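Colleague: I would like to learn how to read a model of this kind, one feature at a time. May we begin with a single residue and then move to helices and sheets?

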Amino acid sequence: MITLYTAVGRYELRKNENGEKQPIVKVDQKEMALSREELLLWSCLMWEILTKEEAKTYFLKKAVRMDVSQERFDAVLQRLEVRQLVVSAQAEKGDIALYRLLANLYVIPLESSFMVKVQAFFRFIFFEKLPLTVAKNVFQKENYTEMERRVLHLARKARLSCAEILACIANDEIDTSIGNQSELQKEKARDNLGFFLWFCDGHRKALEAISTLYLNKDIIFDKRK
């Protein structure tokens, strides 16, 4: 069996009542404060889709640099899953596990304004400790495939889950504005999509496009708490 993990939500730095900066993650408009070890593991899984072993290796490498207890990995992972800041899915095949992982997550496009890129650049340098040669890639011009452009178009029109986006693409729907939503985009339909999508032409390309956009930091995932 293959189990995949990823992080959901948007990272922000807020000032608490004492005027101190405190990291929070916002999921479904709910703001949650994170401990240092929680933030460390969450950041390891943000814009990544990893197995537990891969996530643990990444966490242990960063834990050494940040003086965080390496023995806490399992407990921290469980805590993040309980708080729904990390999600996981399991299947015998990787592509099925990927679909199960992403199906009910909402695709949130990131605005590629200059200031957003600057914020991401400094986060990569000072928090992620990435080399300058890697961090500066955030300023590269986007070069989307046709399928990636379709995914972004749909996600910008309405708040849609990955399963809903796949269904829209399978049915050649392009208008998801209020008043034009199909039955496939409704709550009940989304929950019952299941493996119907595995038999739709091009669904794997659409799922690959969503994954690529996420790994390239063009979107984040959100979910309903």
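Colleague: Does F73 count as buried or exposed?

Modeller: Before I answer, please note that this is a predicted model, in which local features need pLDDT of at least 70 and side-chain atom pairs count only at pLDDT 80 or more, while totals for chains, interfaces and linings use all residues. Residues are numbered from 1 along each chain as its sequence is written, and side-chain values use heavy atoms, with hydrogens and water left out. Burial is read from relative accessible area: buried is under 20%, exposed is over 50%, and partly exposed is in between, with a 1.4 Å probe and protein chains only. F73 has 1% relative accessibility and therefore counts as buried.

Colleague: Which residues does F73 touch, leaving aside those up to four places away in sequence?

Modeller: A contact means heavy atoms within 4.5 Å. With those sequence neighbours left out, F73 touches L41, K52, A55, K56 and F59. For L41, the separation from F73 is 32 residues in sequence and 7.9 Å in space, C-alpha to C-alpha. F73 itself belongs to helix α3, residues 73-82; helices (H or I, at least four residues) and strands (E, at least two) are DSSP runs, numbered from the N terminus.

Colleague: How many helices and strands does the protein chain have, and what share of its residues is buried?

Modeller: The chain contains ten helices and seven strands. Of its 225 residues, 46% are buried.

Colleague: Let us turn to a sheet. In what order do the strands of the open sheet lie?

Modeller: Strands of a sheet pair through backbone hydrogen bonds, either parallel or antiparallel. Two strands are taken as paired if DSSP finds at least two bridges between them. Here, three strands make an open sheet in the order β2-β3-β4, with antiparallel pairing. On average, neighbouring strands are turned by 40° against each other, direction ignored; the axes are lines fitted to C-alpha atoms, for helices over the stretch in contact, and angles run from 0 to 180 degrees between N-to-C directions. Helix α1 (residues 36-45) packs on this sheet, where it touches β2, β3 and β4, and its direction makes about 150° with that of β2.

Colleague: How many bridges join β2 to β3, and how many does the pair β3 and β4 have?

Modeller: β2 is joined to β3 (residues 21-27) by six bridges, with E12 opposite I24. The antiparallel pairing of β3 with β4 extends over four bridges, and there K26 faces E31.

Colleague: What phi values occur in the hairpin of β3 and β4?

Modeller: Two residues lie between the strands of that hairpin, and D28 takes a positive phi near 50°. Q29, in the loop between β3 and β4, has a positive phi of about 70° although it is not a glycine. Q29 is exposed, at a relative accessible area of 66%. Another such case is K217, with phi near 65°, in the loop between α10 and β7; its relative accessible area of 33% makes K217 partly exposed.

Colleague: Where on helix α7 do the buried residues fall?

Modeller: Helix α7 (residues 146-157) buries M147, E148, V151, L152, L154 and A155. Seen down the axis of α7, these fall within an arc of 165° (taken over the directions from the helix axis to the C-beta atoms), so they line one face of the helix. E146 and R156, on the other side of α7, are exposed. The elements that cover the buried residues include β6 (106-109), α8 (162-170), α10 (203-215) and β7 (219-222).

Colleague: Why is α8 described as largely enclosed?

Modeller: Eight of the nine residues of α8 are buried, so the rest of the structure largely encloses this helix. Among them is E164, whose relative accessible area is 3%. The side chain of E164 reaches the backbone nitrogen of S161 at 2.8 Å. Just after α8, D172 takes a positive phi of about 55°.

Note on methods
Polar contact = N/O pair within 3.5 Å; in protein donor to acceptor, adjacent residues only side chain to side chain.
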